Amino acid sequence: MDDTYRILVVEDNDFVRMQIVKYLRDAAFETIEAVSGDEAIDRIMSNQGIDLAIVDVRMEPVGGFEFIRAVRGQDIATPVILVTGDQTPDLLERAGQCGVSAVLMKPVEKDRLLKTVTRTISASRRLA
């Protein structure tokens, strides 16, 4: 079994995206980047080898929840971790309703990111 996991990182803020990608690459994950929800949908549709998507909630015109709706509508079950600066209870409730694996708050902490990614991929592999 291949131990290299491919993670799609979707973030419109260049600094935040580069930081998340650096943390993941330093931990030996392969990354694919997208700067918008539209680009992310194209990438996940054309590349079925993606093990996990880390997606910003607030992007225009397609944000994290729209991304989830689009990929689930195509029967793509790739786990999703949302990244957000919002701490509203309704966001967490909505994430739960959409089957989001986890929600990470910005600024993203390296240790928390890596633990969450590892846990999410492990859970996904057990279900497969």
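This note comments on backbone features of the structure shown above.

1. Basis of the note. The model is predicted, and local features are reported at pLDDT of at least 70, side-chain atom pairs count only at pLDDT 80 or more, and totals for chains, interfaces and linings use all residues. Residues are numbered from 1 along each chain as its sequence is written, and side-chain values use heavy atoms, with hydrogens and water left out.

2. Most peptide bonds are trans, and most residues other than glycine have a negative phi.

3. Glu60 and Pro61. These two residues are joined by a cis peptide bond, with omega about -5°. Pro61 sits in the loop between β3 (52-56) and α3 (64-73). Helices (H or I, at least four residues) and strands (E, at least two) are DSSP runs, numbered from the N terminus.

4. Lys106 and Pro107. A cis peptide bond, with omega about -5°, also links Lys106 to Pro107. The loop that holds Pro107 runs between β5 (102-105) and α5 (110-127).

5. Ala28. Although Ala28 is not a glycine, its phi is positive, at about 75°. Ala28 belongs to the loop between α1 (14-26) and β2 (30-34). Its relative accessible area is 58%, and Ala28 is therefore exposed; the term exposed denotes over 50% relative accessible area (1.4 Å probe, protein chains only).

6. Asp75. A positive phi of about 60° is found at Asp75, which is not a glycine either. Asp75 is placed in the loop between α3 and β4 (80-84). With a relative accessibility of 72%, Asp75 counts as exposed.

How values were computed:
Buried < 20%, exposed > 50% of the residue type's maximum accessible area, 1.4 Å probe, protein only.
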